[in-house]
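Grab the 3D view and get ready to click around. We'll take a walk through one protein model, stopping at rings, strands, a helix and some charged pairs.

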Amino acid sequence: MSESPDGTVEQADPGVTSTWFVIPLFNEAQVIGDVVTELRRRYPLVVCVDDGSRDGSAEIAAEAGAAVVRHPFNMGQGAALKTGIDYALRDPAMRQVVTFDADGQHQVDDASAMIGLREREDVDLVLGSRFLDQRTRPGLLKRLVLRAAVRYTNLTTGVKLTDAHNGLRVIGRGACRRITIEQNRMAHASEIVEEIGRLRLTVREHPVHILYTDYSKQKGQSMLNSVNIVIDMLFR
């Protein structure tokens with residue numbers, strides 16, 4: 001616990017010394033410094049996996065205090081997550097990792113609440129969901145694609161979720177060791193859910209606010225991710 005400037009006592013975030021945040025990083029120089037700086041005010045253990053960036057993202061992340069692991073060329077988000085999780089597993093004190101986006105869409109408050117839920121209930125994973133409250137407002141096309149992805153994933157994996165392609169996850173150490181990620185690109189999201197079902201891991205969902213910023217919209221990530229989900233569903 002700590003004392004705020006007004007004299008009130010603030011509760012410390014859960015898992016501060018035992019949680020690694022894993023951030024796949026590809027050409028996010030404009031925002032990654034702020035993302036890492038804000039995150040490390042509360043959670044100091046951050047590893048960015050630079051996936052072949054060409055804009056200085058890795059250097060900016062390192063200056064903000066993150067550990068940085070580099071891929072020699074772009075391998076995809078799934079590969080970056082695997083590299084980051086393997087890095088975190090080298091720390092014997094690590095109890096869980098949080099997969100966290102580099103573009104500012106994820107909220108530290110949500111991650112902290114999810115860590116607390118995993119520790120209280122001692123489950124293998126806690127997955128974020130955009131559809132458990134009304135804070136996130138994706139566009140109509142993205143909403144329709146995400147709903148279709150949920151139905152498809154629930155049907156094919158036996159794992160009942162409300163949001164199957166949310167990148168904010170808390171994964172316990174044991175699950176990190178057991179889950180196999182072989183899909184290097186966007187199909188890793190469905191693969192993780194398949195692994196949850198195959199391994200019979202315990203999972204909870206938690207409401208999260210995904211902030212679709214002007215920056216992410218300018219990059220076209222919202223529409224691109226929707227297309228990637230469709231490709232994932234049709235061609236895996």
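Here is a short tour of this model, which is predicted.

**Aromatic rings**

Let's start with the rings. A pair of aromatic rings is described by the distance of the centres and the angle of the planes. The count here comes to three aromatic pairs. One of them joins Trp-20 and Tyr-87 in an edge-to-face arrangement, with 5.5 Å centre to centre and 80 degrees between the planes. Trp-20 sits in strand β3 (residues 19–25) and Tyr-87 in helix α3 (residues 77–89), so this pair ties together parts that are 67 residues apart in sequence. How covered are these two? Trp-20 counts as buried, at 10% relative accessibility, while Tyr-87 is partly exposed at 25%.

Next come Phe-21 and Tyr-43, a tilted pair with 5.0 Å centre to centre and 45 degrees between the planes. Phe-21 belongs to strand β3, and Tyr-43 to the loop between α1 (32–40) and β4 (46–51), so parts 22 residues apart in sequence are tied together by this pair. Phe-21 is buried, with a relative accessible area of 0%, and Tyr-43 is buried too, with a value of 0%.

**A covered strand**

Now find strand β7 (residues 125–129), where five of five residues are buried. In a regular strand the side chains alternate between the two faces of the sheet. In β7, Leu-125, Leu-127 and Ser-129 point one way, and Val-126 and Gly-128 point the other way.

Which strands does β7 pair with? Strand β8 (residues 169–172) runs antiparallel to β7 and is joined to it by three bridges; there, Leu-127 has Arg-169 as its bridge partner. Strand β9 (residues 203–207) runs parallel to β7, with five bridges joining the two. If you look at Gly-128, you'll find His-206 of β9 opposite.

**Helix α7**

At 1.5 Å a residue, its twelve residues should span 16 Å, and the end C-alpha atoms are 16 Å apart, which agrees. This helix is mostly covered, with nine of its twelve residues buried. Among the buried ones are His-188, Ile-192, Val-193 and Leu-199. Just after α7, Arg-200 takes a positive phi of about 55 degrees.

**Charged pairs**

Side chains of opposite charge can pair when their charged atoms come close. How many salt bridges does the structure hold? There are eight, and the table shows some of them.

| Salt bridge | Distance (N to O) |
|---|---|
| Asp-109 and Arg-42 | 2.6 Å |
| Arg-95 and Glu-119 | 3.8 Å |
| Arg-204 and Glu-121 | 2.8 Å |

Arg-204 lies in strand β9 and Glu-121 in helix α4, and the two are 83 residues apart. Arg-204 is partly exposed, with a relative accessible area of 37%, and Glu-121 is also partly exposed, at 39%.

The side chains of Arg-95 and Glu-119 meet in a salt bridge as well. That pair links Arg-95, in the loop between α3 and β6 (96–99), to Glu-119 in helix α4, 24 residues apart. Arg-95 is partly exposed at 43%, and Glu-119 is partly exposed at 26%.

Finally, there is a network of salt bridges that links Asp-13, Arg-42 and Asp-109.

Definitions and conventions
Residues are numbered from 1 along each chain as its sequence is written. This is a predicted model: local features need pLDDT of at least 70, side-chain atom pairs count only at pLDDT 80 or more; totals for chains, interfaces and linings use all residues. Side-chain values use heavy atoms; hydrogens and water are left out. Rings of Phe, Tyr and Trp (its six-membered ring) pair if their centres lie within 6.5 Å; planes under 30 degrees apart count as stacked, over 60 as edge-to-face and the rest as tilted. Helices (H or I, at least four residues) and strands (E, at least two) are DSSP runs, numbered from the N terminus. Buried means under 20% relative accessible area, exposed over 50%, partly exposed in between (1.4 Å probe, protein chains only). Two strands pair if DSSP finds at least two bridges between them. The expected span of a helix is 1.5 Å times one less than its number of residues. A salt bridge is a side-chain nitrogen of Lys or Arg within 4 Å of a carboxyl oxygen of Asp or Glu.
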